[in-house]
Amino acid sequence: MRIINKLPVKILIGIVTIALACVSATTTEQTAFEEKAFIAGENPLVQTYTLNEQGQMQEAERLPRGTKVTLRDQEPEELPEGTFQRIYPKSSEEDAADGQRAEALYVHPKNLADRKSETVLEKELYVRTPITIYKSNKGPEIVGFAPKGTKLTVTGFNGLNASGVVSKYKVRKADDENAPEGFAYGKYLVQTQEEADAYYNENGEYDKAKKAKYGMDLHGGKAEELDYYPYERTKIKGKEFCREARAMYLNSHAAIHNDAYIKLIKETGCNAVVIDIKDGPLSYQSPVAEELSPTAYKKAQVSLEEFQTAVKEFKGAGVYTIGRITCFNDKYYAKDHPENCIKSKSSGAGWPSAYSRDVWYYNVALATEAVKLMGFDEIQFDYVRFPESAYEMSLDKSTDFRNAYGESKAQAIQNFCFYAADTIHEAGAYFSVDVFGECSDGYVTAYGQYWPGISNIVDAISSMPYTDHFGDADTWSEPKAIMSAWAKSAAKEQKKIPTPAAARTWITGYNTPFWAPSVTYDKQKLKVQVDALYEAGLDGGFIPWHSASPIDQYRMYKGIWDYEK
């Protein structure tokens, strides 16, 4: 200071100018450093921190991994609580745009990545709900399966949403070096073995659902082995789910020759149609079938273009379109692929096995193709079960069900529903399943259907409580009584789980009994069935069943679609 005081004024001004220039240069250098980074973590949300007035670290907001942030300091800071990197959620350009400089946050350096592809840090995960392992991140092709509790090694991921949640992980089984690598939905995976092994029982739902028992072992499986974790209901962009469908069933011939049906639909409150895609023969020449079941392709009813035109005409009428596919009862596929069918001395041999992943893939590939080519709003699967003779087949020790993964029949059916629902939803349609009326009796059936295990997954569960299928005497003459008893039982099954499907029921629309018709089913006979459904709380709609789709009979009871509760 004494030396400076003795210097001439011009020299002092020069020194000050140089000093200011140095300060300015330093400041410019500090603010000029700006590097982009991404929030990374083992969980969707990553904790950040701020420094309070006392210089102590305190928790701030949680940022989704994948969030782009700005670094303005080259090196992490050593603070009493550890090493932290200062970050800014905004860039300097964004600061300038809103006129307010972003507040600095602090994060552990391990929670920063140079690229978005490096922001998911999980190295291993565990299976909470049995998963299908897909060949790719798109499409239904299957490479493997992992049951509940399986430990997985994570090798990548696909799809990171704005909340930091991964859609699909690339995985392989941790204890099997030869296991194929593929993709699995992240919603079914958890981070600890304890979480994976536990069963969902938030409000006692698991305790209620697992109690299903029968007086004897039906060999269908145990309810306690199934998954009841609430399935998140899908909302498909641009398509609203038909929560209460007053539907008309149309076989392939009726769907193609549709003028009278469309006219009738426009005259009534019918808001949905169920159109056969596959019921025995295929309705149209499917490219998927041409590759996977040539016999089915050759036996198809009409060309692809004819069927596309027919579906388009129904969509033009403003109704919700549901494509029906019979799954595990397919003689044409069985002829092409006996290796995927049940082998047994009992009746039912030659039935495509619900254990076979090739059979799963064929039916779901047909479904996704129909959504893509026809624009169906929903796919309905029928015959999602083992044969009716499954019990006798199970007693026959020579029966080969093609059970590659050691599942019970009920597990195979539920796991197929998970696979089909996820894939069809991703393709852009809703998903429903038909079940036998027997499912309302509260036990796991011999053919693998268990109401809560299916209703928990699908968008609509369509049971078939036909009035001539129940009881030991003439139940069909008084349909209200038999339907009321059935509906009350089904309503109890719906209440066993927190997220049941819409109960959209098939009602008897043909003259009964089917083996020797003597009772005419007119509008009144149909109306009392619907009354019974709504009185029991099964308000997801109804579908009158008549395999012939007879226009004259539909006209006779057309008022049923204008039903008033």
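Modeller: Here is a walk through rings, cysteines, strands and salt bridges.

Modeller: This is a predicted model, in which local features need pLDDT of at least 70 and side-chain atom pairs count only at pLDDT 80 or more, while totals for chains, interfaces and linings use all residues. Residues are numbered from 1 along each chain as its sequence is written, and side-chain values use heavy atoms, with hydrogens and water left out.

Colleague: Let us begin with rings. How many aromatic pairs does a search of the whole structure find?

Modeller: Rings of Phe, Tyr and Trp (its six-membered ring) pair if their centres lie within 6.5 Å; planes under 30 degrees apart are stacked, over 60 edge-to-face, and the rest tilted. The search of the whole structure gives 36 aromatic pairs. Take Phe328 and Phe416: their ring centres are 5.0 Å apart and their planes stand at 65°, so this pair is edge-to-face. It links distant parts of the chain, 88 residues apart, with Phe328 in the loop between strand E18 (320–326) and helix H11 (331–336) and Phe416 in helix H14 (residues 409–427). Helices (H or I, at least four residues) and strands (E, at least two) are DSSP runs, numbered from the N terminus.

Colleague: Are Phe328 and Phe416 buried or exposed?

Modeller: Buried means under 20% relative accessible area, exposed over 50%, and partly exposed in between (1.4 Å probe, protein chains only). Phe328 and Phe416 are both buried. Phe416 also forms an edge-to-face pair with Trp360, at 5.5 Å centre to centre and 65° between the planes. Ring pairs join these residues into a cluster with others, including Tyr134, Phe381 and Phe431.

Colleague: Which cysteine has the sulfur closest to that of Cys417?

Modeller: A disulfide is a pair of cysteine sulfur atoms within 2.5 Å, and a search of the whole structure finds zero disulfides. For Cys417, the closest cysteine sulfur belongs to Cys327, at 8.8 Å, which is too far for a bond. Cys417 counts as buried because its relative accessibility is 0%. The sulfur of Cys242 is likewise too far for a bond, with the closest one, in Cys270, 9.3 Å away.

Colleague: Now strands. What is the strand order in the open sheet of three strands?

Modeller: Strands of a sheet pair through backbone hydrogen bonds, either parallel or antiparallel. Two strands pair if DSSP finds at least two bridges between them. The order here is E4-E1-E8, with antiparallel pairing. Strand E4 (68–71) and strand E8 (112–113) are the edges, each pairing on one side only. Strand E1 (residues 35–39) meets E4 over four bridges, and Phe38 stands opposite Lys68 in E4.

Colleague: Last topic: which residue forms a salt bridge with Arg324?

Modeller: A salt bridge is a side-chain nitrogen of Lys or Arg within 4 Å of a carboxyl oxygen of Asp or Glu; the whole structure has 26 of them. Arg324 bridges to Asp279, with the closest N and O atoms 3.1 Å apart. Arg324 lies in strand E18 and Asp279 in the loop between strand E17 (272–278) and helix H8 (287–292), so the pair ties together parts that are 45 residues apart in sequence. Arg324 counts as buried at 3% relative accessibility, whereas Asp279, at 32%, is partly exposed.

Colleague: And is there a case within a helix?

Modeller: Lys527 and Asp531 form a salt bridge at 3.1 Å, N to O. They are four residues apart in helix H17 (residues 523–535), which means a separation of about one helical turn.
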